[in-house]
Amino acid sequence: MTKGTHTVSFTLNGEKQTFDTRPDEKLLTLLRREGYRGTKYGCGQGTCGACTVLLDGRATYACLLYAMQAEGRSVRTIESVGTFDNPGEFQKELVAAGAVQCGYCIPGMVMSATALMETEKDFEDEIVKEYMDGNLCRCTGYEKIWVALRKVLDRQAAEGNKPAAKKTSSKGAKNEQA
Amino acid sequence: MKLSEFIRPSSLAEARKTLRALGPKGMVLAGGTALHFMPGKTPVTAVDITGLGLSYIKQKGDYFSIGAATPLSDIQRYRGPRWAMHEICRRISTHQIRNVSTIGGNICRVFPWADLPVVLLAMDARMVVYSGKDKEIPADEYFSSQPARLFRDGDLLTAVKIPVLKAHHGFGSVKATRNATAFSLVTIAALLELKGGVIKSARVAAGSGIPFPQRLKPVEAALAGKEAVTAVFKEAAAAAGAAARWVGGEGMSADYIRQLAEVSILDALERAAEFARGRAE
């Protein structure tokens, strides 16, 4: 990209930063250009969820957000949750469950799950499905992703005095996202 | 849609003045999700209204006031007395979209598959439009054709006012889709006012499967004064064919969509009656 005509300042993974941009540059493009390549370009039209980032703690499609809209706000990418050498709890469980096939959807899945874990106290199946309904996986059929996520959520519920989910099913997410 | 400039006005008056001056070269931006899909090769100036304090939900006496820039996820999570807006908001698109997309964005430029106009028509909501001063427009007038017509001179939608349902009122909505996050095939919303077991008045609206969201007057007429029982609901639903021009698509015939609408009307009426009889909230 040539030098931008505008600048945008926001907190990126806890650090205040300023970037050159253009009015119609998408946040996804800016992030990947600046080296935050964990955030993936999938469909580019707000369907697949591979580009999910947190905007002020809420899961958002970076492909449907102009970079200028992030002004003054807090953006978190997958790099803030875990790295190859130091993966986050859900990332470890995904690997253990064999839930990662091509892996392209995983950063988005992890960001949606992060929003869930940091926002909700109750991890009932219906709430989990609501947070995860904007992320598509075309390889695994969700079963193993769901198993890995349920493990993390049930553990957190047990540790954090959070009410445990009433139903811990390995099949809950299947029909919702088919 | 191409953006050539990005402006953040600091007041409603400034936003209106800016949009007036820009004319067709200006575009209001709230969530901005729909802007990415709008055609047009001529670049426009985005006027970001998210910094104007238009994101809120408040109960004021006998109505709820929802700020135009309130994201759908906030409406979905809000709880007030006999609140009924959360169900339809949960069914719109995906979690990530609901976090960004706003009630105003959904109803300022109405897409044929939009769900909120249907709900607001049935609920007899009022739209607050700012043109230097506030003006309230009832849903029937607001949705009589594409609302974009109301905003040509830089005027802005600032809030949506929804009546608080009274004890004997009930509301039900149904959205028929191919899968959980797909666009609607048929959306139906129904508001019933019961007196004893009798329907005192009814507002029934539809969207998707027809060219533009509208009320289904023959269905409403078939309900008024009758008993709130399934047989009556079925008979009223059968008037759907006469009430609107149903359109097929995606491999589905117009007749199929009409049948889907009839089943959805029946469901919405059953839900509304159950609500009116005192559903646990």
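Trainee: How many bridges join strand E6 of chain B to E8(B)?
Mentor: This is a predicted model, in which local features need pLDDT of at least 70, side-chain atom pairs count only at pLDDT 80 or more, and totals for chains, interfaces and linings use all residues. Residues are numbered from 1 along each chain as its sequence is written, while chains are lettered from A and ligands numbered from 1 in the order in which they are written. Helices (H or I, at least four residues) and strands (E, at least two) are DSSP runs, numbered from the N terminus, and two strands pair if DSSP finds at least two bridges between them. E6(B), residues 126–130, runs antiparallel to E8(B), and the number of bridges joining them is 5.

Trainee: Which residue of E8(B) stands opposite B:Tyr130?
Mentor: Strands of a sheet pair through backbone hydrogen bonds, either parallel or antiparallel. E6(B) and E8(B) run antiparallel. The residue opposite B:Tyr130 is B:Leu156.

Trainee: Which residue of E8(B) does B:Gly67 stand opposite?
Mentor: Strand E5 of chain B, residues 63–67, is also joined to E8(B). The two run antiparallel, with 5 bridges. B:Gly67 stands opposite B:Ala159.

Trainee: How many residues of E8(B) are buried?
Mentor: A residue is buried if 20 or more other C-beta atoms lie within 10 Å of its own, exposed if 12 or fewer, and partly exposed in between; C-beta atoms are placed from the backbone. E8(B) spans residues 156–163 and is mostly covered. The buried count is 7 of its 8 residues.

Trainee: Why is helix H6 of chain B called largely enclosed?
Mentor: Look at residues 116–123. The buried residues include B:Leu116, B:Pro117 and B:Met123. H6(B) is largely enclosed by the rest of the structure because its buried residues number 8 of the 8.

Trainee: Which residue just after H6(B) takes a positive phi?
Mentor: Go to the position just after the helix. The phi there is about 60°. The residue is B:Asp124.

Trainee: Which residues are in contact with B:Leu192, leaving aside neighbours within four places in sequence?
Mentor: Two residues are in contact if their C-beta atoms, placed from the backbone, lie within 7 Å. B:Leu192 touches B:Gly170, B:Ile199, B:Ala202 and B:Ala228, among others. The list also includes B:Leu269, B:Ala272, B:Ala273 and B:Ala276.

Trainee: Which strands stand at the edges of the open sheet in chain B?
Mentor: The sheet has 4 strands, in the order E9-E10-E11-E12, with antiparallel pairing. E11(B) and E12(B) pair over 2 bridges, and B:Ala206 has B:Gln214 as its bridge partner. Each edge strand has a single partner, so one side of each is left without a neighbour in the sheet: these are E9(B) and E12(B).

Trainee: What radius of gyration does chain B have?
Mentor: The radius is taken over C-alpha atoms, and the globule rule is 2.2 Å times the number of residues to the power 0.38. For 281 residues, a compact globule would come near 19 Å. Chain B agrees, at 19 Å.

Trainee: Which element gives the most to the side of chain A that touches chain B?
Mentor: The contact takes 23 residues from chain A and 19 residues from chain B. E4, H4 and H6 of chain A each supply at least two residues of the chain A side. With 4 residues, the element that gives the most is E4(A).

Trainee: Is A:Thr83 buried or exposed?
Mentor: A:Thr83 lies in the loop between strand E5 and helix H2 of chain A. Its C-alpha atom is separated by 9.2 Å from that of A:Gly38, 45 residues apart along the chain. With 12 C-beta neighbours inside 10 Å, A:Thr83 counts as exposed.

Trainee: What ipTM does the predictor give the complex?
Mentor: pLDDT is the predictor's confidence in each residue, from 0 to 100. Chain B averages 95, and 99% of its residues score at least 70. For the complex, the pTM is 0.92 and the ipTM is 0.92.
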